[in-house]
Amino acid sequence: MTAAHTAAANPAAALALDFVLLYVDSPAASAAFYADLLGRPPVEASPTFAMFKARNGLMLGLWSRHTVEPAATAPGGGEIAFTVADEAAVRDLHADWSGRGLTILQPPTAMDFGHTFVAQDPDGHRLRVFAPNRGEEAQSEQVRS
C-alpha cells in the first residue's frame with residue numbers, strides 16, 4: 001500500500017504536526033520571555049500573536065487569550081518538552097533557568113524515562129527539560145523515522 005493510498009483511505013494519516021499554540025495574557029511579554037529562553041527572535045509578531053520556529057521546523061505560537069476565537073476555556077494540563085544530551089545538560093539548564101528567575105516546579109530528578117526538571121513560563125505553562133535514558137533515545141529515533 002502506497003503512502004498516497006494510505007492518505008486517501010485515512011485522511012488523518014496525511015496530517016502533519018506543525019504548530020503548538022499557547023494562549024497567553026500578553027503576546028509581547030511572552031515573546032520576550034521565549035526569545036530570551038530560545039536565544040532567537042520570533043519569526044512573526046503582532047499585538048495579539050507571536051510565533052517562533054524551532055530548529056526542527058515546529059512552530060510555537062503565542063496567541064492572546066483575550067482575542068482567540070472561539071474563546072479559549074480553562075487550559076488542561078500540558079507541557080512543552082525540550083530534549084537535551086545528558087544529565088549534565090539538564091543540571092546546567094536548570095541552573096541557567098533558575099538564575100533567570102523562572103519558577104521551578106520540579107528540580108533535577110531521575111525518573112524512569114531519564115533525567116528531568118520542570119519550570120514554568122509567565123503564563124503558567126509547564127516547560128520540561130529532559131535527557132532520555134539511552135534506550136528511550138533509540139526508541140524516539142525509531143518513532144521519528
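These are my notes on helix α3 and on Q120 in strand β7.

**Entry 1: the helix itself.** I'm working from a predicted model. I looked up α3 first: it covers residues 87–99, so to speak 13 residues in the run. From its first C-alpha to its last the helix reaches 18 Å, close to the 18 Å expected at 1.5 Å a residue.

**Entry 2: the two ends.** At the N-terminal end I found D86 as the cap. A side-chain oxygen of D86 lies 3.2 Å from the backbone nitrogen of A88. After α3 comes G101, and its phi is positive, near 90 degrees.

**Entry 3: buried or exposed?** I went through α3 for burial and noted V90, H94 and W97 as buried. Looking down the axis of α3, I see its buried residues fall within an arc of 75 degrees, so they line one face of the helix. D92, A95 and G99 sit on the other side of α3 and are exposed.

**Entry 4: Q120.** Q120 is partly exposed, with a relative accessible area of 25%; the cut-off for buried is under 20%. I then looked at L102: it is 18 residues from Q120 in sequence, yet the two are 6.4 Å apart in space, C-alpha to C-alpha. Leaving aside neighbours within four places in sequence, I have Q120 in contact with F33, L102, T103, L105, H125 and L127.

Conventions. Residues are numbered from 1 along each chain as its sequence is written. This is a predicted model: local features need pLDDT of at least 70, side-chain atom pairs count only at pLDDT 80 or more; totals for chains, interfaces and linings use all residues. Side-chain values use heavy atoms; hydrogens and water are left out. Helices (H or I, at least four residues) and strands (E, at least two) are DSSP runs, numbered from the N terminus. The expected span of a helix is 1.5 Å times one less than its number of residues. Buried means under 20% relative accessible area, exposed over 50%, partly exposed in between (1.4 Å probe, protein chains only). The arc is that of the directions from the helix axis to the C-beta atoms. A polar contact is a pair of N or O atoms within 3.5 Å; within protein, one must be able to donate a hydrogen and the other to accept it, and residues adjacent in sequence count only if both atoms are side-chain atoms. Contact means heavy atoms within 4.5 Å.
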